[in-house]
Amino acid sequence: MMKPNPMQHRRLSLDTLTVHAGREDFAEMGVHAPPIDLSTTYPTGPLAEASASMDALASGGRPTGSPIYARLHNPTVARYEAALASLEGAEAGVAFASGMAALTAVLLAGREKGKNHVVAVRPLYGGSDALLEGGLLGHEVSFVAPDGIRAAVRRDTALVVLETPGNPTLSLVDIEDAVRQADGVPLVVDSTFMTPVLQRPLEFGASMVLHSATKFLGGHGDVIAGIVATSEEWATKLRKVRVLTGALLHPMAAFLLHRGLPTLAVRVRTAQDGARMMAERLARHPQVTSVHYPGLPGHDPRGLVGRQMAGPGSILAFEVAGGFEAAGRVLEAVQIMVSAVSLGATDTLIQHPAGLTHHCVPDEARESTGISESLLRISVGLEDPEDLWADLAQALEKAGAKEPARTAADTSALTR
Ligand code: PLP
């Protein structure tokens with residue numbers, strides 16, 4: 001007999017949910033770890049029942065009987081989707097082959113007759129920016145700053161899209177304010193940098209929350225995935241797009257994501273402790289001209305940390321004296337940190353947004369959002385922060401050897 005689902009009786013804390021969500025039917029199934037169903041097709045049984053299930057699935061619903069075919073529904077993926085939905089306080093989750101596939105599905109699902117306009121708040125991850133800027137999906141896009149949403153929204157606006165914190169400058173958007181400005185237009189928040197441990201955008205009025213699950217949700221640098229948590233109504237539209245376009249998450253990837261979920265909160269908070277320390281020390285370093293981190297004094301003018309976010313997270317960015325050349329020397333000199341794009345892994349990753357993740361963003365947009373040639377982004381991992389700091393300090397020293405170092409007296413304005 002299936003045990004009562006505790007999640008139906010009281011709202012459990014997030015730490016408990018990370019451990020138990022999506023596992024409610026394990027006892028009934030007699031398993032303890034997420035089972036992996038690799039079937040591509042399923043025995044259909046009586047035709048009338050199978051046909052009814054097909055009907056439901058093809059229109060983005062849930063199976064009423066046999067899953068029919070894995071592009072339409074996979075139980076391993078569905079279990080992970082349910083888990084993530086419960087962490088975000090959503091009715092449903094819909095998982096995709098990547099974060100970009102998730103954004104593509106959102107843009108396609110948001111499209112209605114006569115509504116082809118998207119308002120996008122910059123900065124965004126370079127790939128998201130390029131998808132919107134390039135017009136591949138046929139949308140007309142207005143790029144705005146956070147306070148420009150209201151003026152940009154039109155009668156034909158289908159969606160407002162934003163990231164907070166924004167990649168790579170960690171700029172924050174007040175989600176409640178953005179929802180007010182959107183004035184009824186559905187708002188999508190890319191919350192990849194935060195995870196539901198630190199931010200749950202649906203609680204502030206967003207219609208959809210999107211994650212590149214490749215990052216913290218996967219957490220170990222071995223899965224490419226995306227997921228959207230939202231209402232059942234939006235999820236139905238998203239699943240329909242997924243059925244038609246085929247960008248579904250592979251069940252092995254869903255297994256890895258579900259397997260990693262119980263340690264999510266521990267990973268996120270431990271990495272955050274390291275990032276705080278790193279940001280504070282970088283802010284005092286003579287080779288560093290600015291630091292971007294929501295946890296530093298003066299970096300959160302709207303007071304979002306504590307209200308919208310449970311913490312500043314573990315991504316930070318900083319500008320190094322000496323521009324592109326010096327930034328390149330830092331990347332070459334690090335020994336523990338890995339010079340690589342991506343973020344949210346167990347190890348610390350450092351990269352140069354203007355040259356890599358945001359290379360495809362138009363020059364003017366990079367300049368206006370502060371993605372300079374001297375900017376480096378760090379995703380702090382789970383190593384001992386003192387080891388990380390020693391590594392970064394020696395790399396900065398090497399980078400500075402060819403540049404006149406700033407004096408300590410010059411650094412008072414660094415925590416801007
Ligand atoms: N959103 C953000 C904030 C990202 O950083 C990324 C990738 O770096 C994406 C979306 C795209 O995700 P994926 O690489 O999983 O397609």
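In strand E7, Gly226 is the bridge partner of Ser212. The model discussed here is predicted.

**The seven-stranded sheet**

Strands E6 and E7 are part of an open sheet of 7 strands with mixed pairing, in the order E1-E7-E6-E5-E4-E2-E3. At its edges lie strand E1 (92-96) and strand E3 (140-144), each of which pairs on one side only. From one strand to the next, the twist averages 20°.

Helix H5 (residues 99-110) packs on this sheet and touches E1, strand E2 (117-121), strand E4 (157-163), strand E5 (187-190), E6 and E7. Helix H8 (residues 175-182) also packs on the sheet, where its contacts are with E4 and E5.

**The five-stranded sheet**

Another open sheet has 5 strands in the order E8-E9-E12-E11-E10, again with mixed pairing. Strand E8 (288-292) and strand E10 (338-339) stand at the edges; each has a single partner strand, so one side of each is left without a neighbour in the sheet. Within this sheet, strand E11 (residues 349-351) pairs with strand E12 (residues 375-379) in the antiparallel sense, over 3 bridges. Ile350 stands opposite Ile378 of E12.

Helix H12 (residues 264-283) lies across E8 and strand E9 (315-320). Helix H13 (residues 323-333) packs on the sheet as well, touching E9, E10, E11 and E12.

| H5 (residues 99-110) | E6 | about 155° |

**The packing of H13 with H15**

Two packed helices are described by the angle between their axes and the distance between the axes. The axes of H13 and helix H15 (residues 385-400) come within 8 Å and cross at roughly 135°. The two helices, H13 and H15, are therefore oblique to each other, and their crossing is right-handed.

On the H13 side, the contact is made by Ala326, Arg329, Val330 and Ala333. H15 contributes Asp391, Leu392, Gln394, Ala395, Leu396, Lys398 and Ala399. Sorted by class, the contact of H13 with H15 has 7 nonpolar, 1 polar and 3 charged residues.

Conventions
Residues are numbered from 1 along each chain as its sequence is written. This is a predicted model: local features need pLDDT of at least 70, side-chain atom pairs count only at pLDDT 80 or more; totals for chains, interfaces and linings use all residues. Side-chain values use heavy atoms; hydrogens and water are left out. Two strands pair if DSSP finds at least two bridges between them. Helices (H or I, at least four residues) and strands (E, at least two) are DSSP runs, numbered from the N terminus. Axes are lines fitted to C-alpha atoms, for helices over the stretch in contact, and angles run from 0 to 180 degrees between N-to-C directions. Contact means heavy atoms within 4.5 Å. Angles under 35 degrees count as roughly parallel, over 145 as roughly antiparallel, 65 to 115 as roughly perpendicular and the rest as oblique. A crossing is left-handed if the near helix is turned anticlockwise from the far one by less than a right angle, and right-handed if clockwise. Ala, Val, Leu, Ile, Met, Phe, Trp, Tyr, Cys and Pro count as nonpolar, Asp, Glu, Lys and Arg as charged, and the others, Gly among them, as polar.
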